[in-house]
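Okay, thanks for coming, everyone. Let me put the structure up, and then I'll walk you through a few parts of it.

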Amino acid sequence: MSFRGYFALSGTDRSALGAQVEAQRARVRARLADVRAVVAVLSGKGGVGKSYVSAGLAVGAAREGRAVGVLDADLRSPTVARLLEAHGPLHVTDDGVHPAIGTAGTRVVSSDHLLAEGQPLTWREPEAERFVWRSTLETGALREFLSDVVWGPLDLLVIDLPPGADGVTDVAALVPDLYGAVAVTIPSDESRRSVERTLRAASNAGIRVLGIVENMAGYHCPECRMVRPLFAGDAGAQLARAFGAPLLGSIPFSPTPSPQFAETIARTVGLLP
Amino acid sequence: MKFLCLECDRQMDFEERQQSGDGTFGAAFRCPQCGRAVAMLANPMESQLVSSLGVKIGGRTLDPQPMELVRSRVEGRDDAFVDALPARSARPRWSPEAEERLTRAPTFVRGMIKKIYVEYAVERGIDLITPAVMDRARGDLGLEGM
């Protein structure tokens with residue numbers, strides 16, 4: 001028996017799946033049409049202060065008079081909404097979901113607004129083989145955070161990515177016009193290797209590396225005002241050299257925001273259009 | 001996905017989608033020439049793969065609701081969303097049976113589902129939402145699982 005194949009049939013695809021996926025992408029493009037720059041903040045490992053830098057960047061830009069949105073793409077471990085004191089509930093109108101308003105007027109959407117206190121991100125799905133579709137659902141959630149939120153006109157949309165390379169490739173696919181990425185590391189060699197992998201994924205996806213922020217670069221003693229050693233290594237400088245990007249700053253660990261933090265944020269904001 | 005009637009060498013038309021509530025779905029296609037119909041029956045894993053993309057076989061009968069995938073699939077907190085409804089004067093009433101049925105939906109997604117039924121009723125001049133109206137809306141709008 002011989003019969004015509006898929007491409008030999010000139011009629012449209014009756015399942016309409018391709019058209020629906022394209023419509024999803026078009027909704028993302030339409031929503032971001034009024035956003036001047038989308039910047040991703042990434043790291044290789046958790047716990048290096050990525051969300052802290054995302055929040056600082058958002059507030060720093062907002063205090064310069066820019067309209068700033070923050071999308072918390074770290075769905076499983078959301079942090080940035082709390083740092084920005086952006087509380088739910090999220091209001092829904094025909095136009096979409098309205099972001100929560102945080103520090104300095106930042107517009108924030110996070111899975112933290114969705115999840116009950118202390119509960120992990122859990123999907124309603126069959127138990128069996130859930131690993132197969134979990135990443136598809138998470139990418140779908142990220143897509144909806146982009147397309148279904150009433151961001152309004154923004155000068156800057158900061159995307160706080162989850163640690164590792166997966167989020168980088170997802171955001172590159174969803175936001176082809178991404179302005180660039182800021183990488184956050186701590187000084188250790190372990191962090192350097194981990195961030196290097198993520199930055200390589202970013203470069204491979206065509207994402208420009210705007211700069212490197214080295215966090216926890218020593219301990220800032222509030223009493224003697226000296227910076228004491230904390231981690232061995234110079235990951236920030238090494239990554240900056242490797243990717244031809246500026247080292248935007250080295251921020252010591254400090255219970256309160258240090259002058260170095262403010263300088264780093266100011267330098268990063270200075271890179272934005 | 002395309003279906004070809006081998007007898008007529010014609011592409012079949014999508015006819016209807018069916019979701020039985022057991023995690024599977026079916027889609028019926030019919031040959032426009034000879035009228036022969038076939039049904040594609042997907043197992044739960046195949047059904048899950050498609051729905052994880054936020055798409056529906058055969059296309060949508062209703063525009064996607066804001067954060068539809070998130071709201072229908074995440075186990076979220078009850079008060080995460082506040083849905084704007086039409087002006088109170090324009091809102092239809094709910095029969096006790098319909099209200100009871102609505103409470104069977106998870107609270108996280110209930111506001112979105114309620115809004116869909118209210119808009120359906122408002123658009124058709126229905127002033128009382130009953131289980132029969134809900135059934136009709138599900139059929140008209142393709143609201144599987146709502």
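Let's start at one pair of residues: Val92(A) has Val97(A) as its bridge partner, over in strand 4 of chain A. Quick housekeeping before I go on. This is a predicted model, where local features need pLDDT of at least 70, side-chain atom pairs count only at pLDDT 80 or more, and totals for chains, interfaces and linings use all residues. Residues are numbered from 1 along each chain as its sequence is written, and chains are lettered from A, and ligands numbered from 1, in the order in which they are written.

Strands here are DSSP runs of E with at least two residues, helices are runs of H or I with at least four, and both are numbered from the N terminus. Two strands pair if DSSP finds at least two bridges between them.

So, back to that pair. Strands 3 and 4 of chain A run antiparallel, joined by 3 bridges. On to the other chain: strand 3 of chain A, residues 90-93, also has 3 bridges to strand 6 of chain B, and those two run parallel. There, His91(A) is partnered with Val82(B). Put together, you get an open sheet of 3 strands with mixed pairing, in the order 4(A)-3(A)-6(B).

How many residues does each chain bring to the contact? Chain B gives 38 and chain A gives 39, counting two residues as in contact if their C-beta atoms, placed from the backbone, lie within 7 Å. On the chain B side, strand 3, helix 1 (44-52), helix 2 (68-73) and strand 6 (81-83) each supply at least two residues. Helix 1 of chain B has the largest share, with 5 residues.

Staying in chain B, strand 3 (residues 13-19) and strand 4 (residues 25-30) run antiparallel with 6 bridges. Phe14(B) sits opposite Phe29(B) there. The two strands make a hairpin with 5 residues between them, and Gly21(B) in the turn has a positive phi of about 90 degrees.

Last stop, two helices in chain A. Helix 2 (residues 50-63) packs against helix 8 (residues 259-269) at about 70 degrees, axes 9 Å apart; the axes are lines fitted to C-alpha atoms over the stretch in contact, and angles run from 0 to 180 degrees between N-to-C directions. That makes helix 2 of chain A roughly perpendicular to helix 8 of chain A, a label that covers 65 to 115 degrees, with under 35 being roughly parallel, over 145 roughly antiparallel and the rest oblique.
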